[in-house]
Amino acid sequence: MRFIDSTDFEKLLKKLSAEGELFVPVKEEDTGKLHMRRVESFPLPDGTVFDGFRAVETLKGFAQHLRFEVAQYPSEEKDELKPEDSFPGYVIVGAKGCDLKAMELVDSVQAEGDYIDPFYKIRRDRMLVIASDCSECSESCFCNLTGSNPWPEKGYDLAIAKVASGFLVEEGSERGAGIIEENGGLFSEVREGLEKTRDENRKKVLSQLKANNKSYPESAEVTEPLRKMLNDEIWTEEASRCVECGACTNICPTCYCFLLFDQKDGEQYKRIMSWDSCQVSGYSRMAGMGTPRPRLSDRVKHRFYHKYDYLPLSHNAVFCTGCGRCIDACSASIDMREVFSKVVTKATR
Amino acid sequence: MKNPYYPIDTILEDVISETPTIKTFCLKPAKPIKFKAGQFMQLTVPGVGEAPFTPSSDPNIEEKMEISILKTGKVTDALHELKPGAVVGLRGPFGKGYPLEKLAGKDVLVVGGGVGLAPMRSLLYALFNDPSKYKKIEIKFGAREPAELSFRRQYKEWEGLASNISLKTTIDVAHPDWDGHVGLVTTLLDDLDVSVPESYALSCGPEIMLKFVTLKLLEVGFTPPQIYLSMNRKMSCGMGKCGRCNVGHYYLCVDGPDMCYDKIKDVPNVFG
């Protein structure tokens, strides 16, 4: 572990910005929320915050773009995708524990197994992640219930924790170690007591999370009760409030579903990949208009089951890291934690 | 790295009208495509989009491929308008294909309805490759009306291939042009000439048909592990990534589209 002063950290970021597009969390004055903003010149923008809690934007959006071209046809032998056809790379600063865990989960779908999405893989391989500790949590945060923590545990190149006039820095990859080595002059020994300060900060945030979420079940306790509730009226009740906007899935760091569609472009055709949402009625509609989830309650239910029942069976993990974005985004105030409280209570009654 | 979303340029060489609503599209892809019976392709109509289809042709032929398609939606409407010489695109194959290795030495019951006969023809070609590998090949085909029975020109030839092959057909309701069996395809399952404990049943058709075929098969003594169903869901990426073709925790595009009923029998509303 090393220490870096805030001014030197900015110098480091300036240097790293040569390795790809640099994004940092910036606090928006009117809402108080953090948004990932591209830094194209220095000094860093006013309101840059490296602690706080997770930004509105997920890491997923960097690896799986909202909408982009995946193929042009007809053409000769364009099925070989060269890395240089793709992206310059990203340097992303301020990713939190919940987002690192989410990225690991989406990686297991998009970048592992028999088929690998080359676009996702290239972006992931070229993503330098400097993660950071949370110094607070939002009302909607519940990482503590999902086996995550409000600090980086793995899946980063460097991890920083704000202490005193700078940051404690830990390496999490060879690339991260190389950065510390190459820029040795910017770092110093960790003064006595700073690690303790960091650990106390962590403890403080974690106990706040525990206090906020004390009445809600842990994710690991949800799957079994959920399986007993497939035909329960709870889904109709939740669906009666849902406005089918798809915000919960679009904002989710582990929702990876997408749509492929084709467009004409002069003499050529383009194939576009776009995020999609299982909450909207056309999502699974087949030719002839049949759909396996015709009712909104089927679709509302599907989101919970996909994350907490199906993916644990197919990918061995609950696909929720407790970031709480779906709770913030829902205009009908559907709170996943409350849904699961009801599920567990009813199922074990 | 290969781009799995890129469609291979494919020439439409011929179009055969099978029924008033089903056409067989004879395709020649720019490079050979090796597939197993039951695996599916994503077929692109340029500018319109792509849709999933299981080939209806012989899986031993890699240079050409036939796909028999019902006119029923945006992509298929556009396909039915195409004339020989048109350029389309193919991606795939995707999915697992039929469990041919399990069928060796068994009685094989093939139950198809409507456009569900299309993937079944590919399965039959695979079985006919060496009919002696199976104890019996019993085929039951149904359609709404006589004109909707695909591949009728081939039935006689198939039955004559080997003595262990039989084929029975039915139409849903009586029709002046029909003097054969009348009734849903499930009615052909009442007097099966197979040894049920030594059999596998494979079925493809509309979901409502699959439901009643399954119920009938269970009634006559089949167990869920002996039943394979070609399930219908919207499949897009073909690689278990885009999310929409799930049946419970399975993605049909990688785990199916032919699913052993034993795996999916507890999924609520599995037949829609």
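Pro43(A) sits in the loop between strand E3 (34–39) and helix H2 (60–63) of chain A. Helices (H or I, at least four residues) and strands (E, at least two) are DSSP runs, numbered from the N terminus. This is a predicted model: local features need pLDDT of at least 70, side-chain atom pairs count only at pLDDT 80 or more, and totals for chains, interfaces and linings use all residues. Residues are numbered from 1 along each chain as its sequence is written, while chains are lettered from A and ligands numbered from 1 in the order in which they are written.

**Exercise 1. Decide whether Ala164(A) is buried, partly exposed or exposed.**

Step 1. Locate Ala164(A) between strand E7 (158–163) and strand E8 (166–171) of chain A, in the loop. Step 2. Note its phi, near 45°, a positive value in a residue other than glycine. Step 3. Recall the cut-offs: with C-beta atoms placed from the backbone, a residue is buried if 20 or more others lie within 10 Å of its own, exposed if 12 or fewer, and partly exposed in between. Step 4. Ala164(A) has 14 other C-beta atoms within 10 Å, so it is partly exposed.

**Exercise 2. Describe how the two domains of chain A meet.**

Step 1. Chain A is divided into domain 1 (2–212) and domain 2 (219–347); such bounds come from an automatic or database domain assignment. Step 2. Their C-alpha centres lie 26 Å apart. Step 3. In contact are 32 residues of domain 1 and 24 residues of domain 2 of chain A; contact means C-beta atoms, placed from the backbone, within 7 Å. Step 4. On the domain 1 side, strand E4 (67–73) and helix H3 (97–110) of chain A give two or more residues. Step 5. The largest share, nine residues, comes from H3(A).
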